[in-house]
Amino acid sequence: MSFVVGLIIGIAVGFALIFGFVRCENARSKHRIALATIVASFARMTREDSKKLLAPEYYPSWVVFSQQQKLTWLNSHLKKIWPSVDEAASELIKANVEPVFEQYRPVVLSSLTFSKLTLGTVAPQFTGVSVIEDESEGITLELEMNWDGNPNIILDVKTRLGVRLPVQVKNIAFTGVFRLIFKPLVNEFPCFGAVSFSLREKKKMDFTLKVVGGDISAIPGVADALESTIHDAVEDSITWPVRKVIPIIPGDYSDLELKPMGTLEVKLVQAHGLTNKDLIGKSDPFAKLYIRPLRNRTKTSKVIDNDLNPVWNEHFEFEVEDVSTQHLTVKIYDDDGLQVSELIGCAQLKLSELVPGKIKDVWLKLVKDLDIHRDNKDRGKVHLELLYCPYSVENGFTNPFSSNFMMTSLEKVLKTGSGVVNGVRVDSKRKTVIVRGVLSVTVISAEDLPPADLMGKADPFVVLTMKKTGTRNKTRVVNENLNPIWNQTFDFVVEDGLHDMLIVEVWDHDTFGKDFMGRCILTLTRVILEGEYKDSFQVDEAKSGKLTLNLKWSGQPIYRNS
């Protein structure tokens with residue numbers, strides 16, 4: 001955690017003080033406004049009415065379900081009590097933040113503590129409120145807040161070299177949306193058992209660091225390390241889906257705590273048409289992927305040297321905590337050796353777009369900045385294969401990357417100690433289960449292929465290659481046809497189904513050689529899960545064209561001595 005987290009918590013606590021949620025010793029009765037006023041204003045909170053609580057007629061006129069309104073009355077009260085909030089929250093921030101400093105302290109620092117902390121005289125401004133309608137037994141409010149504060153914050157920073165630096169935090173500018181959840185609804189006053197708060201969206205968080213009486217850049221790496229620590233701590237400590245749960249009525253509210261909902265399996269397949277960042281040669285791309293941008297939860301691919309169309313075929317696994325609001329973010333960089341890697345482009349996908357248990361194969365366009373929606377420059381695209389598997393749903397499907405899916409557990413020894421697969425007893429202490437099978441590929445047809453000769457025609461044929469073994473087959477040539485039909489089937493023995501790839505290339509036959517027209521790269525995860533499917537695939541690296549294939553998988557599990 002960092003001072004910024006503390007400020008956010010302090011502001012949230014200040015807001016809670018207004019409504020009487022937190023009983024700080026310094027927040028006397030005048031700051032604990034009767035909960036009855038708020039409850040009566042928001043809803044007729046009896047158990048019988050709980051299902052109607054989100055109906056608009058139950059809310060005062062300032063609550064608008066379609067848009068946010070300014071909260072003059074709330075800002076006025078907050079301004080009045082801000083000195084008391086500052087006094088109460090400053091110590092609370094220190095007590096909660098400093099232990100987490102140690103957790104996120106970068107290796108270049110030996111200690112990181114506060115030497116001075118006040119929130120200043122400028123209170124934040126709440127600029128809007130909205131009520132979130134859902135099916136849960138509770139009420140969810142979202143409040144947008146803006147703060148251009150004048151806090152007096154000095155960090156006591158000690159480096160590994162023994163140098164002690166007083167670092168002042170200046171020019172803080174923050175805009176974000178807080179989420180407050182009143183849940184569960186009960187028959188006992190104040191009609192809800194607990195309140196949870198979280199930073200739902202961090203729209204802006206700027207600040208500057210300055211060594212008191214000196215220049216922070218004089219010691220390389222300290223400023224970057226501190227900024228990275230601050231941002232990581234904000235993400236991990238208070239940014240949604242992380243939430244702080246404050247009990248109001250005694251009870252067990254463990255069900256409100258953050259819990260994993262499922263697993264996201266991601267296969268980073270390839271990228272195409274990346275921007276070249278090197279003056280000599282080509283970029284050396286690698287990828288970073290994350291759902292929550294924490295150092296210990298960010299996955300990094302291998303570097304592909306000198307290639308603007310890299311093929312990674314790497315598998316990563318992520319924990320999902322809120323599929324309705326979280327995203328998968330992919331950032332592609334150019335590796336510059338000892339220098340800082342340069343961003344080529346980034347992309348993001350909403351997890352809510354995924355169907356549980358169903359493979360989603362996507363190409364995502366790369367942009368310069370995820371917050372800037374207008375980016376017309378072509379930076380390339382990245383190819384992903386995604387599979388979301390919820391934990392607590394009787395869904396009838398199986399995660400093929402799980403060690404419990406014995407037919408497809410190449411990289412893991414069975415955790416259960418032993419098991420039975422297709423009637424065969426397997427002792428995981430001695431055996432490892434791997435994927436083996438026969439992949440049957442029927443090349444059916446192609447359509448709208450680009451012309452490859454002066455007559456506006458082409459003589460296409462298809463070459464199929466298994467990436468790991470290099471096993472290769474090819475179709476016959478269809479002369480002078482941009483919509484060829486082959487209907488030819490080829491079988492491949494596959495030793496490592498989850499980590500192999502089928503590369504399908506389209507070529508134009510010439511009398512004295514051949515010309516490359518385009519290709520498709522397919523993973524085998526979908527055919528392993530579904531057994532057989534037929535689909536059309538865009539021909540990459542070609543101006544136009546689709547290739548229709550039928551894939552069928554016949555599993556043949558084998559067991560090898562570890």
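Modeller: Sorted by class, the residues that line the largest pocket comprise 15 nonpolar, 13 polar and 17 charged ones. The model is a predicted one, and the values that follow are computed from it. The lining of this pocket is made up of 45 residues in total. Nearest the centre of the largest pocket lie Lys202, Glu235, Tyr290, Pro293 and Lys331. The pocket's volume comes to about 1800 Å³.

Several elements take part in the lining. At least two residues each come from strand S6 (194-211), helix H4, strand S9 (285-290), strand S12 (327-334) and strand S13 (342-350). S6 gives the most, with seven residues.

H4 covers residues 222-237, and its axis comes within 10 Å of the axis of helix H3, residues 72-104. The two axes cross at roughly 115 degrees, which means that H3 is roughly perpendicular to H4. Angles from 65 to 115 degrees count as roughly perpendicular. The crossing of H3 and H4 is right-handed. On the H3 side the contact is made by Val100, Gln103 and Tyr104. On the H4 side the residues are Thr229, Asp232, Ala233, Asp236 and Ser237. Taken by class, the contact of H3 with H4 holds three nonpolar, three polar and two charged residues.

The second largest pocket can be set beside the largest one. About 460 Å³ of space lies in the second largest pocket. Its lining consists of 21 residues, and Ile181, Lys183, Trp240, Arg243 and Asp322 are the closest to its centre. By class, that lining has seven nonpolar, five polar and nine charged residues.

Aspartate 491 is found in strand S22, which runs over residues 485-494. With neighbours within four places in sequence set aside, aspartate 491 is in contact with Val438, Leu439, Ser440 and Asn473.

To return to the part you asked for: the largest pocket has 45 lining residues, and S6 supplies seven of them. H4 is among the elements that give at least two residues to that lining, and H4 is also in contact with H3 through residues that include Asp232 and Asp236.

Methods: Residues numbered from 1 in each chain as written. Predicted model: local features only at pLDDT ≥ 70, side-chain atom pairs only at ≥ 80, totals over all residues. Heavy atoms only, no water. Axes fitted to C-alpha atoms, helices over the stretch in contact; angles between N-to-C directions. Helix = DSSP H or I, 4+ residues; strand = E, 2+ residues; numbered from the N terminus. Parallel < 35°, antiparallel > 145°, perpendicular 65-115°, else oblique. Left-handed = near helix turned anticlockwise from the far one by under 90°. Contact = heavy atoms within 4.5 Å. Nonpolar A, V, L, I, M, F, W, Y, C, P; charged D, E, K, R; others polar. 1 Å grid on protein atoms, 1.4 Å probe; cavity = no way out; pocket = protein on both sides within 12 Å on 5 of 7 lines; lining within 4 Å. Points joined across faces, edges and corners; volume = space filled by probe spheres on them.
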